[in-house]
Structure formats: structure tokens, C-alpha cells
Amino acid sequence: MQGDPVALKAAIEAGRKASFFCANCHGETGISKTPEVPNLAGQNPAYLLEQIRKFGSGERQDAFMQGLIKVLKDEERVQMALFYAAQAAPPTKANAAQAARGKDLYAKLCVRCHGELARGNDLYPRLAGQNAVYLQTSVARYRDGTGIRNNQLMAIATAPLKNDDIAAIAQYLTQMP
């Protein structure tokens, strides 16, 4: 589909239509208006599709998301992933001092998996332009082992972080384009 711009455009448009129920939480173009809810705009489509699959299979637990995902056909899931990937993820304002400190921490602990520009890949999510509150909550849950998603690499990477370190990393990431 990526080699056929007409088919890709049609799939993205179909994904926009299929994602109508997602807009309540994730925003019409994948930019959430609720700080605790992740932005989906600009996310890697393969990564996003895998998360959709995990919700559908029950590997990721969230009753609301699972109910919504289960009604989607495989083709709609792909179309939605392509739609969100095609949306711009604009940066937000951040505390400059915290962002500078967060940049150093990100370079030491996160860049290996999430990339220098925090755009992720097929396996790891895009973090650039993400909601700071969502980032802080997610990272703290990985560190504390209290989240729905537990990942050994994330637990190791986040173990030394204090809450103010997590806040600094979130400030750095939210202001990235």
C-alpha cells in the first residue's frame, strides 16, 4: 500500500472514518484533549497496530478499549493505524530548565530504544510530542511495576528515576516535534 499513493490515501481516509469513536478520548486527529490519554498522531503504524492487536486479544487490559477494538475488522485496524500515523504530532510548551535536564536523562536511558528524535519504530512507541502527564504516569508505572504493561527493559531503564527525573524527561519529550 505504501508504494501506491492512491491506495494509501484511500486507506487513511477509511481509517479516519473508522476512528470516529476514538475521537472522544484520543481527539479527532489523534491529539488527545485529556492529559492522561496518549496522543496517537504520528505514531508508528506497525507499533500502533500491535497495540490494537494486544487490546483485541486481551494482552493489554482495559475494558473500554478492549470492547471498542473487538468490533473492528482487521482491515479497519490497519486503516486506523495508517490514519493516526499520517497525522501531525505538534510539540507543546514545556519548562525549558526541566526539558534541558530531561534531554540528558533521555540520552542516557531512552535513546537506545526510542531513538534520538524520540520517534520510536515498529517495536517502541513514538514519545515526541506526547502528553507530559501521560508520559509521567506511564514511566512511573514501569518504574514501580504497577502498570498494566510490564516490560523488563523499561523496568530496568526507569528503576533509578526519581519523580522529578520523570517529570524532566516528560517535559523534554512533550516539546519535541
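Here are legends for several close-up views of this structure.

**About the model.** This is a predicted model, in which local features need pLDDT of at least 70 and side-chain atom pairs count only at pLDDT 80 or more, while totals for chains, interfaces and linings use all residues. Residues are numbered from 1 along each chain as its sequence is written, and side-chain values use heavy atoms, leaving out hydrogens and water.

View 1. Let us start with helix α5, residues 74-85. Helices are DSSP runs of H or I with at least four residues, numbered from the N terminus. Buried residues of α5 include Met-80, Leu-82 and Phe-83, where buried means under 20% relative accessible area, exposed over 50% and partly exposed in between, using a 1.4 Å probe and protein chains only. The buried residues of α5 pack against α1 (5-18), α3 (45-57) and α4.

**View 2. Gln-66 in helix α4.** Gln-66 sits in α4, which covers residues 63-70. Is Gln-66 buried or exposed? Its relative accessibility is 13%, so Gln-66 counts as buried. Leaving aside residues up to four places away in sequence, Gln-66 touches Phe-55, Gly-58, Arg-60 and Gln-61; a contact means heavy atoms within 4.5 Å.

**View 3. Asn-44 in a loop.** Look for Asn-44 in the loop between α2 (23-26) and α3. Asn-44 has a relative accessible area of 17% and is buried. Its side chain reaches the backbone nitrogen of Ala-46 at 2.9 Å. Asn-44 also touches Asn-121 and Asp-122, not counting residues up to four places away in sequence. The C-alpha atoms of Asn-44 and Tyr-84 are separated by 8.5 Å, although the two are 40 residues apart along the chain.

View 4. A search of the whole structure finds three aromatic pairs (rings of Phe, Tyr and Trp, the last by its six-membered ring, with centres within 6.5 Å; planes under 30 degrees apart are stacked, over 60 edge-to-face and the rest tilted). In one of them, the rings of Tyr-106 and Tyr-172 have centres 5.7 Å apart and planes at 50 degrees, so this pair is tilted. Tyr-106 lies in helix α6 (residues 96-109) and Tyr-172 in helix α10 (residues 163-174), so the pair ties together parts 66 residues apart in sequence. Tyr-106 and Tyr-172 are also among the residues that touch the most other members of the largest nonpolar core, which has 19 residues. Such a core is a set of buried Ala, Val, Leu, Ile, Met, Phe, Trp, Tyr and Cys residues joined through side-chain atoms within 4.5 Å. The largest share of this core, six residues, comes from α10.

**View 5. Salt bridges.** The structure holds six salt bridges, each a side-chain nitrogen of Lys or Arg within 4 Å of a carboxyl oxygen of Asp or Glu. In helix α1, Arg-16 and Glu-13 are three residues apart, about one turn of the helix, and their closest N and O atoms are 2.4 Å apart. Arg-101 and Asp-164 meet at 3.8 Å, N to O. Arg-101 lies in α6 and Asp-164 in α10, so this bridge ties together parts 63 residues apart in sequence. Finally, Glu-50, Arg-53 and Glu-59 are linked in a network of salt bridges.

Notes
Helix = DSSP H or I, 4+ residues; strand = E, 2+ residues; numbered from the N terminus. Expected span 1.5 Å × (residues − 1). Polar contact = N/O pair within 3.5 Å; in protein donor to acceptor, adjacent residues only side chain to side chain.
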